[in-house]
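Hello,

Here is the structure I said I would pass on. My notes follow it.

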Amino acid sequence: SSGADDSASRSALFAQINRGEGITSGLRHVSDDMKTHKNPALKSQGGPVRSGPKPFTAPKPACNANPSQKTSPKAPALLELEGKKWRVENQENAPNLVISDTELKQVAYVFKCTNSTLQIKGKINSITLDNCKKLGLVFDDVVGIVEIINSRDVKVQVMGKVPTISINKTDGCHVYLSKNSLDCEIVSAKSSEMNVLVPTEGGDFTEFPVPEQFKTVWNGQKLVTTVTEIAG
């Protein structure tokens, strides 16, 4: 019986389709007063209007779980003697920093100083420049080593003597030697734009670049590394 009902339904559907234009004769005519675009009052009487999907909106940034966490305050500028160590830290735009009361056993540690100039008078054990930028250092005598680490655009001038200057992870370093410090050893690693300036008889300086490129070959027994000269 189910199959017979389905056949009857399909036959009735095909009969309606075959009527052609006559299929619309049974439709109800819609007058102007029944059209919502000509009678706005009907909009409020009708059912809910179907709307399309909501437009895309950018997600809101997540709220900080801990709003009390803010940028750490700026560290204070220091120039003080702590035991045997001179601490020069966080100095900015300070062109006249001077350490004059020095002793042989003392060391100087210069950290995060920017756009400043430091002069160290007398004889001191060692000097370390760490994470400095656009810093000028002038010193008399160092009996140990002068280290320049993680810095950028620094200038170091030796007025007396220093046995060793170490330059590590630094971009842009000019070393001005005195006549008494021409035998200084300059050790560099992972650095670039290094220059050594040697005094002339007339009081001026002649600039020499420190090599940054090297060539290594196997000679059959060991690796041999030589400096790669750069023209110009």
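This is a predicted model: local features need pLDDT of at least 70, side-chain atom pairs count only at pLDDT 80 or more; totals for chains, interfaces and linings use all residues.

Residues are numbered from 1 along each chain as its sequence is written, and side-chain values use heavy atoms, with hydrogens and water left out.

Seven strands form an open, mixed sheet in the order β1-β2-β4-β6-β8-β10-β12. Strands (E, at least two residues) are DSSP runs numbered from the N terminus, and two of them pair if DSSP finds at least two bridges between them. β1 (78–82) and β12 (185–189) are the edge strands; each has a single partner, so one side of each lacks a neighbour in the sheet. Strands β2 (residues 85–89) and β4 (residues 107–111) run parallel and are joined by five bridges. Trp-86 has Ala-108 in β4 as its bridge partner.

There are seven salt bridges, each being a side-chain nitrogen of Lys or Arg within 4 Å of a carboxyl oxygen of Asp or Glu. Glu-80, Glu-82, Arg-87 and Glu-89 are linked in a network of them. Within it, Arg-87 meets Glu-80 at 3.7 Å, N to O, and Glu-82 at 2.9 Å. Arg-87 is buried at 19% relative accessibility (buried is under 20% relative accessible area, exposed over 50%, partly exposed in between, with a 1.4 Å probe and protein chains only). Glu-80, at 32%, is partly exposed, as is Glu-82, at 43%.

Regards

Key
Helices (H or I, at least four residues) and strands (E, at least two) are DSSP runs, numbered from the N terminus.
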